[in-house]
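Please read them beside the sequence and the coordinates.

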Amino acid sequence: MNDDYTPAQRDGLIEYLSGFLKPERRQVLEKVLSERTRHVSVVLEDIYQPHNASAVLRSCDCFGVQRVFTIEDDIPLDISKGVTRNAHRWLSLKRFREQGADNLTNCINHLKNMGYSIVATSPRADSIPITELPVNKPLALLFGREKTGLTQRAIDSADFVVHIPMHGFSESLNLSVSAAICLYEVVNKMKRETPENVWQIEPDERQQILLDWVRKSVKASRMLEGRFRELNGLQEGTV
């Protein structure tokens, strides 16, 4: 798909493609997008079990977390559509998986350049409860693989290390359960303690996401987009 549109042209394309949607579908897209955030993002480091990674992606969609980053130094991400129920299609997924590269460092540097504070999840003694995590700045929540958790390098890169308080004999929860609890706590705290103009996605990115969602909601959207470009004299390289 072409993404070389000006904002006005992108608006025109959204309206054109929306003409092939039921009005209530467009309303659902707008409503869901209004609750989306990039103030909180999720990072998955070398997750082994596809159903766990997929369950985390589904939780991200449920709690309005738009951006997910994956670090795939050892294990490639394998998405189970039966678990996500296609929820992953509505997320912005960036994968760090270059062979021979230090994907962990590249991902962390990318996040810090975007203004994120790095939050490692670990039950170690010097971590703070997830409920005490400050939400005034953008947060990237890191989750590690089953059994072993995050690598020490990932923990060492963090600005915060957090845990879910436990009151039983077990010291940890299943990965996907842990992620869901953390997202529930952090997203709700974010909405209580920060104004909408802080946590909501900025207009330009929101427009790009809406176009992506409309494309995915319209049958034969590629053909229709080609027709839109022809009608508006938008040939390749002219936008």
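Is I181 buried or exposed, or does I181 fall in between?

1. I181 is partly exposed, with a relative accessible area of 31%. Buried means under 20% relative accessible area, exposed over 50%, and partly exposed in between (1.4 Å probe, protein chains only). I181 sits in helix α7; helices are DSSP runs of H or I with at least four residues, strands are runs of E with at least two, and both are numbered from the N terminus.

2. This is a predicted model, in which local features need pLDDT of at least 70 and side-chain atom pairs count only at pLDDT 80 or more, while totals for chains, interfaces and linings use all residues. Residues are numbered from 1 along each chain as its sequence is written, and side-chain values use heavy atoms, with hydrogens and water left out.

3. I181 also belongs to a nonpolar surface patch of about 260 Å², together with M166, L173 and V177. Such patches take residues with over 30% relative accessible area and no salt bridge, nonpolar side chains (Val, Leu, Ile, Met, Phe, Trp, Tyr) being joined within 5 Å and like charges within 9 Å. A salt bridge is a side-chain nitrogen of Lys or Arg within 4 Å of a carboxyl oxygen of Asp or Glu. Areas come from the Shrake-Rupley method with a 1.4 Å probe; for residues, only the protein chains shown count as cover.

4. The largest nonpolar core has 29 residues, and V42, C60, L133, L141, F143 and V186 touch the most other members. α7 gives the most to this core, with seven residues. A nonpolar core is a set of buried Ala, Val, Leu, Ile, Met, Phe, Trp, Tyr and Cys residues joined through side-chain atoms within 4.5 Å.

5. Beyond four places in sequence, the contacts of V42 (heavy atoms within 4.5 Å) include C60, L141, F143 and L183.

6. Seven strands make an open, parallel sheet in the order β3-β2-β1-β6-β4-β7-β5. At its edges, β3 (92-96) and β5 (128-129) each pair on one side only. Two strands pair if DSSP finds at least two bridges between them. β1 and β2 (residues 67-71) are joined by four bridges, and L44 has T70 as its bridge partner in β2.

7. Strand β4 (residues 117-121) has five of five residues buried, so it is largely enclosed by the rest of the structure. S117, V119 and T121 cover one side, I118 and A120 the other. Four bridges link β4 to β6, with S117 partnered by L139; three link β4 to β7 (residues 160-163), where T121 stands opposite V162.
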